[in-house]
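Hello,

Here is the structure we spoke about. Notes on what was found in it follow below.

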Amino acid sequence: MRHCLCLLWLSTAAAVCAAEDNSPLLLQKPALSRTQIVFVYAGDLWSVPRDGGEAIRLTVGAGVETNPVFSPDGTQIAFTGEYDGDVDVFVMPASGGVPKRLTFHPGEDEAVGWTPDGKQVLFRSARNSYSYFDRLFTAPVAGGFPTEVPLPMAQQGSFSPDGSRMAYVPNSQWQEAWKRYRGGQTTPIWIATLSSGRIEKIPRDNSNDFNPMWVGDTIYFLSDRNGPVSLFSYDTHTKQVKQELENHELDLKSASIGPDGIVYEQFGSLHLYDLKSGTAKQVNVRIAGDLQELREHIVNVSKRLQNAHISPTGARAVFQARGEILTVPAEKGDARNLTNTTAVMERDPAWSPDGKTIAYFSDESGEYALHIREQNGAGEVKKISLGAGFYFSPRWSPDSKKLAYRDNHLSIWYLDLEQKKPVKVDQDIYWTFGGPPPVWSPDSRWLAYEKRLPSHLNAIYLYSIGDAKHTQITDGMSDARSPVFDKDGKYLFFTASTDSGPSLEPDIHSFTRPVTRSVYLVVLAKGQSSPLAPESDEEKPAEEKKAADKKEEADQKPAAAKETNEKGLEKTVVVIDFDNIGQRILSLPLPARRYVGLQIGKPGELYALEAPAPAPGVEFSLTVHRFDLKKRKSDLGPSGVRFFEISQNGEKMLYRQGDRWFIKAPKPMTSGAPGPQPPGGADGDEGLLKTDGLEVRVDPRAEWKQIYHEVWRVERDFFYDPGYHGLDLAAAEKKYRPYLANIASRKDLNYLFKEMLGELTVGHLFIAGGDSPEVKRVQTGLVGADYKIENGRYRFARIYNGENWNPELKAPLTQPGVNVVAGEYLLAVSGRELLATDNVYSLFEETAGKQLVLKVGPDPSGANAREVTVVPVPSEARLRNLAWIEDNRRKVDQLTGGRVAYVYMPDTAFGGYTNFTRYFFAQVGKDAVIVDERFNGGGALATDIVELLQRKMLSLVATLDGTDEVQPQGAIFGPKVMIINEFAGSGGETLCLGTSIAQVSAN
């Protein structure tokens, strides 16, 4: 699928999309007034008369404008927009006009409704939340500080006519389009009395009820309680639920009430429901406009280059970018687009060793096939069908006659280009995406590859092309990876680790377990001497020296038979003796490191690529180690690079530094202790490729058609259930295909994907990404505080503490020398006076990470005020979450007299590892523990946490002085309680299930 890229917009845009051919339009989130309907299409707001007709565009912002809601009198529209660098709430006249911004917080603020008097706009935001959930607020249309609606959490809401009560949806869903969903995040509608907090629940049987609309004594809403989502009502007096519309087709997605009617979106069309007659009719809409995202345009792809390779001699580099295959010269000439097929996806280019051709996978036929074309783009393309599926990492044989590759079903294949018949080499036993590519021997007669064993460790295998037989050559007692043949065919190099086993488990501690690998070689022929045999310098007479030199020269030749090629030139034949091959595995004198790959340069020259372990804030980078087998010496090549590949002849290297690419010759091997080479050398631009101007032409409609088909192929070839949960994929693809015709933005395309893939009824199916018009972001700063309005001023209601030693948890107002406390007033920001009629966040635009001066003091008049310098942060989310955790911990400590530990698990990934390690072991010795995983974001399976909680006391260590020491030490042996809610992700759910299955309670 195409990837998200920055667009280079042309100076003009003109495109037309009409519904005259009766193809459906994805008109979304309609709102109704007495005379008009406003809806969202292509990321803009449009208006059409209630009876339908020609739509008029109301907004043209670069970002998305959505969630329109008419004011009670129909004169104004509140909506969500991205005009000023954030997602905020705006209002404008119903006929269109300049939008007025109401919210300024850097978090997302989304319009929901209005107060009955039309003076305030209801919106949702996570600005004050301690985790990822929304609350409702009202913002005065006249301007000023928003007021929080007194509900713990809420996603949607509608006021009663007198404003004293609210029908609201308390929770969101991670996958809104998951059809027939009946899990923990189903959405109820509750009726809250705002003055008392009393709750009344609309009757339901775990259905998804949403979009409440309160008029008179009736609450209308959407629900899937009787099948596809339809319109229902709830009588607040009789307490009865009634289905207002029968629906046996597509779901109703959204609805809005207005004078005498309800306008609703049934996926792909708008309808108007008459409240008096109880009947509905379709509203026909025609769209005509300059829809900018539909225009063919040029895209710069310099920051989206993938699957890079260097040509055999380093003259050029080849890249995949936005479904095209591009080559770029090392020095002279221009870049070439070899494919120029915006309607086709090409991926995974590979340059043939003879330098003549480039192979890649293309879905031109509707399925991926192997395409081979001349490296200069001339001539006919050779096309070889591989069958339905996805394919990865093509690798040429050295004779340029065969290609090896992997598929999506864990198999390794090779293809003889003359016979054009794929041959299956082997198949892995555990799923992985793609997998490391196989490598060829110098004579093109062997393949080496890694394969997982039942232990989950990898072993090295060799496959004979002639015998069609594979053989395991490592014993499986280490995790062996990254095989590569040397140029002469005498040795096979690989890496192996004996400490990686625990890191392969899908648990939390796997993220941080240190793994080291050493580099080994296999002497392939039993008659070949060791390249690491003991050496000794001895004085020899001249005749003996000549004989020794001849012997050394002979030793350097391959221990293999010799053949001649079609040109009569001698070539190597690799000889492999499997008998007792394990005794011919030798360790190279390279330091143990976290090696992630090996490459071969010139004969006897090995490159080992080291990468740091994944961790928050750690960017992927490579340090290149080089080893000369003849000299038995090593040094360090480029470091801090994001990609590295040595050319086939070993003369040039391609590497990436940031978003810049270089082709350079490796430096001569250093003498003495190895040291890292900075990538740029003395001249930072030496060898720099001209990739910054790489551009391709894009036809969005053609791309979207390709993406649409590929999405269904992805599900066909990767979905875990071969029965697809009972869904006929071909029929579903045909059913939703008509919606493609009038898609006018990438976000609308994603909306289509969410709806159609919801038919699979499965979790972990998330849709995101793709091109959208670039919106300039303005980073508003925050100081870590809650505010309240008193005496015409802003007063600090709470100051959030942080961990000021932790760069990610700095609290601006508690820094040494600042010392702002709750109860003080915020009087001015950077010299601008702040009053209650202002929106405090509007004074902090573009201040995140920058110094500014606040005027604070104990008196609203400004008496005894002082000025402090602070550095606002871009988000308070971590500070608020920390405050919630610490409040909980202190409360547990207080209520239990310090006997019970409290541990919060924000996820089952790095955050969960950090929190559990910090809070659990710091409270060892307490009598019990509460593990709180509400709002757990998921991640790994966390079986190791279950095992830690299961620990039983095994022994005591008695000493003369001091307290006896319990073994194991890192355990709490008393009662254990786990708290979970509907917002725990899959890893959190699995952790809770695991503790239940393991019967973790008291040990």
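This is a predicted model: local features need pLDDT of at least 70, side-chain atom pairs count only at pLDDT 80 or more; totals for chains, interfaces and linings use all residues.

Residues are numbered from 1 along each chain as its sequence is written, and side-chain values use heavy atoms, with hydrogens and water left out.

Surface patch

Y132 sits in the loop between strand 11 (120-125) and strand 12 (135-140). Helices (H or I, at least four residues) and strands (E, at least two) are DSSP runs, numbered from the N terminus. Together with W174 and F766, Y132 forms a nonpolar patch on the surface, with about 310 Å² of accessible area. Patches are made of residues with over 30% relative accessible area and no salt bridge; like charges are joined within 9 Å, and nonpolar side chains (Val, Leu, Ile, Met, Phe, Trp, Tyr) within 5 Å. A salt bridge here is a side-chain nitrogen of Lys or Arg within 4 Å of a carboxyl oxygen of Asp or Glu. Areas come from the Shrake-Rupley method with a 1.4 Å probe, and for residues only the protein chains shown count as cover.

Helix 6 (residues 910-921) has 12 residues, which should span 16 Å at 1.5 Å a residue; its end C-alpha atoms are 17 Å apart, which agrees. The expected span is 1.5 Å times one less than the number of residues. Buried in helix 6 are G912, N915, F916, Y919 and F920. They lie on the same side of helix 6, because they cover an arc of only 100° around the axis, the arc being that of the directions from the helix axis to the C-beta atoms. Their cover includes helix 5 (877-895), strand 64 (900-904) and helix 7, where contact means heavy atoms within 4.5 Å.

Helix 8 (residues 986-997) also has 12 residues, and the distance from its first C-alpha to its last is 16 Å, close to the 16 Å expected. In helix 8 the buried residues are G987, G988, L991, G994 and T995. Their arc around the axis is only 125°, so they are on the same side of helix 8. These buried residues pack against helix 7 (943-949) and strand 68 (976-979), while L993, S996 and I997 are exposed on the other side. An α-helix has 3.6 residues a turn, so residues three or four places apart point the same way.

Backbone

Most residues other than glycine have a negative phi, and most peptide bonds are trans. Q999, which follows helix 8, has a positive phi near 55°. Phi of N211 is positive too, near 55°; N211 is in strand 18 (residues 209-215) and counts as buried because its relative accessibility is 12%. For H764 phi is near 60°, and this residue, in the loop between helix 4 (746-757) and strand 58 (785-790), is exposed at 60%. A cis peptide bond, with omega about -5°, joins Q967 and P968.

Another loop residue

T691, in the loop between strand 56 (660-664) and strand 57 (695-698), counts as buried because its relative accessibility is 3%. Residues up to four places away in sequence aside, T691 touches S302, L305, F319, V328, D659 and W661.

Regards

Conventions
Buried means under 20% relative accessible area, exposed over 50%, partly exposed in between (1.4 Å probe, protein chains only).
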